[in-house]
Amino acid sequence: MNAVELHARPSRRAASNLAMTCAMGLAVIVVAIPLFAVISAVVSRGASVVLDGFPDFLVAEIPPISRRAGPGMGPAIVGTLLVTGTATAIAVPLGVLGAVYLHEYGGRGVFARVVRFLAVVMTGVPSIVMGMFVYVMWTLRFGYSAFGGALALACLMLPVVIGSTEQMLRLVSDQLREASYALGASKSRTVLTVVLPAALPGIVSGALLAVARAAGETAPLLFAVGATKTFNLDLMGGANTALPLQIFQASSDLAFPAAEQRAWGAALTLVTLTFLLTIAARLVVARTLRRRSGWKSS
Amino acid sequence: MHASGLSPRSHHADNAFRWTAALAAGLVLVILGLVAATMTARAWPAFSHMGVSFLTSRDWSPADDQYGALAFGFGTLYTSALALALAVPISLGVALFVTQVAPGWAKRPLIYLLDLCAVVPSVVWGLWGMLVLSERFGLGLSFLTAGLILAVMITPIITSLSREVIDTTPSADKEAALALGATRWEMIRATVLPHSRGGLVGAVMLGLGRAMGETIAVALVIGSTHGQITANPFASGNSMPAVIANEWGEADELHRSALIALAVALFALTIVVNLIATWIVRRRSPG
């Protein structure tokens, strides 16, 4: 790329620049196409199902025979909330604690470095493997339950929460920690009352994204939750169900229009849930950033 | 160093907190270790029944107690390769567009868009692939349909990792190239790409790991044909995770053990890919 070449064919260089810029823009469009296609398919086919006799679809039981027409995903919605909520209650506190250890105590020690490395590797373990693991450890002994599904999802969420939380702890300025020590606070007190509150919005946002991913998982629930069609509010006792499981089941009954309609309705419900969680995650961060920057400038 | 030395009670509390946190961090090691140990134990009957032919035979017929996983391994690698071939150029293009081309106001919405792509549930992509890609567009239940769906699913992760890597290019390098009269594309080729090469390889490998482990979407669109090893993308086949999801319900003792053996093989495969990828990404960033 010497000066002679720069002067030689300006038009050709500009042309290749333009072509590559267009190619990059095209890539963005190519990514957007399937997203819009899937959203429009889910909304156009699912909305009428969910809205027909609202809120029947969200609260009624699932018809026991899948070719029978009529609403109902109530038990699956309850199951999804129960399984995902329990998984969150297990994985988020443990993940935050683990990240606190890695950043505030472990630092560059061997143990912390190994854990940090393997946590990244663990985020890549396929979700079906975690489901199988929970089957071997839990379901074989205690049978199907919502709790088994929650354990599988918690295993998937744990390394994600550890990673996102540690990143947020890194952003907390050391001056805050030193100020707390100077006031005589112990290390644990500093972490609990100064560092974690300062990092809270980022931690919440990371956790919400992890929950959104987990709520849509099917494979880890296959071996742990079972597939009932009636309400089951008992966390530990008996088979339960979830929205992704119902969609997966319905996919083998697509010959029946009623089953296909319920599948699209369930898909719309599930996509809405995951999108709301994702948008909430963004809003938490955006609002805090705005408040912080306002506070700084005043 | 701080007040803990002054009051013994707070010292104990401090230590207790430290150890609780260490235990939580150690859970990562415990879980990974247990996954490897307990699942290998459960898979042992199938491994010892089949011996090496578990890996070298393509004959998978539960009725005759034959469990050769070769064709499923092929399906996993073939669909993942198709997915990478489609997803890598597109992800790189999007990452470059977001970091180098897009005006400031457009960056955030583009990143949100990718976030949303990443949270569309696997089973919903699968349903869409079945009813729209395969039926409406006539791609059928095939390796190609599975590869397309996988490409859509791994693009957000490859893009976001690439974006992080590309963002670390020193702006002094980029400005130097521009000051010499380089066009934007020449600047990217001369500074951004050489700087990011290692990290981009790592990002692609993490995407590969995701593609190999993706279950439900593939299970719905790959066609579930046993023993299929062919380069024809329109043929239907099967992949390791898809077999597990599709056959688990009606499997008996040894069959289940064989499916767990598939999961162990998948675990080993993805762990190796992810170890290498993480190592590559880590090597180039200090800490």
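A crossing of two helices is left-handed if the near helix is turned anticlockwise from the far one by less than a right angle. Keep that in mind for the second stop on this tour of a predicted model.

**Stop 1: chain B on its own**

Hide everything but chain B. Walk along from the N terminus and the elements run α-α-β-β-α-α-α-α-α-α-α-α-α. Of the 287 residues in chain B, 51% are buried.

**Stop 2: two helices crossing in chain A**

Now switch to chain A and select helix 5 (residues 110-123) and helix 7 (residues 146-171). Their axes are 8 Å apart and the helices pack at an angle of about 130°, so the two count as oblique to each other. Look at which way they cross: helix 5 and helix 7 of chain A make a left-handed crossing. Show side chains to see who touches whom. Helix 5 of chain A brings A:Ala119, A:Val120, A:Met122 and A:Thr123, while helix 7 of chain A brings A:Pro159, A:Val160, A:Ile162 and A:Gly163. Sorted by class, this contact has 6 nonpolar, 2 polar and no charged residues.

**Stop 3: the core**

Stay in chain A and click on A:Met157. Which residues does A:Met157 contact, leaving aside its neighbours within four places in sequence? They are A:Ala87, A:Ala91, A:Gly95, A:Ala210 and A:Ala214. A:Met157 is also among the residues with the most contacts inside the largest nonpolar core, along with A:Ala267, B:Val124, B:Leu262 and B:Ala263. That core has 193 residues.

**Stop 4: where the chains meet**

Bring both chains back. The contact takes 74 residues from chain A and 78 residues from chain B. On the chain A side, helix 2 (residues 10-51) gives the largest share, 19 residues. Colour that side of chain A by class and you get 54 nonpolar, 16 polar and 4 charged residues.

**Stop 5**

Most residues other than glycine have a negative phi.

- Select B:Asp65, in the loop between strand 1 (60-61) and strand 2 (66-67) of chain B. Its phi is positive, about 55°.
- Then select B:Ser224, in the loop between helix 9 (216-221) and helix 10 (240-247) of chain B. Its phi is positive too, about 50°.

Is each one buried or partly exposed? B:Asp65 has 13 other C-beta atoms within 10 Å, so B:Asp65 is partly exposed. B:Ser224 has 20 C-beta neighbours inside 10 Å, so B:Ser224 counts as buried.

Terms used: Residues are numbered from 1 along each chain as its sequence is written. Chains are lettered from A and ligands numbered from 1 in the order in which they are written. This is a predicted model: local features need pLDDT of at least 70, side-chain atom pairs count only at pLDDT 80 or more; totals for chains, interfaces and linings use all residues. Two residues are in contact if their C-beta atoms, placed from the backbone, lie within 7 Å. Helices (H or I, at least four residues) and strands (E, at least two) are DSSP runs, numbered from the N terminus. Ala, Val, Leu, Ile, Met, Phe, Trp, Tyr, Cys and Pro count as nonpolar, Asp, Glu, Lys and Arg as charged, and the others, Gly among them, as polar. A nonpolar core is a set of buried Ala, Val, Leu, Ile, Met, Phe, Trp, Tyr and Cys residues joined through C-beta atoms within 7 Å. A residue is buried if 20 or more other C-beta atoms lie within 10 Å of its own, exposed if 12 or fewer, and partly exposed in between; C-beta atoms are placed from the backbone. Axes are lines fitted to C-alpha atoms, for helices over the stretch in contact, and angles run from 0 to 180 degrees between N-to-C directions. Angles under 35 degrees count as roughly parallel, over 145 as roughly antiparallel, 65 to 115 as roughly perpendicular and the rest as oblique.
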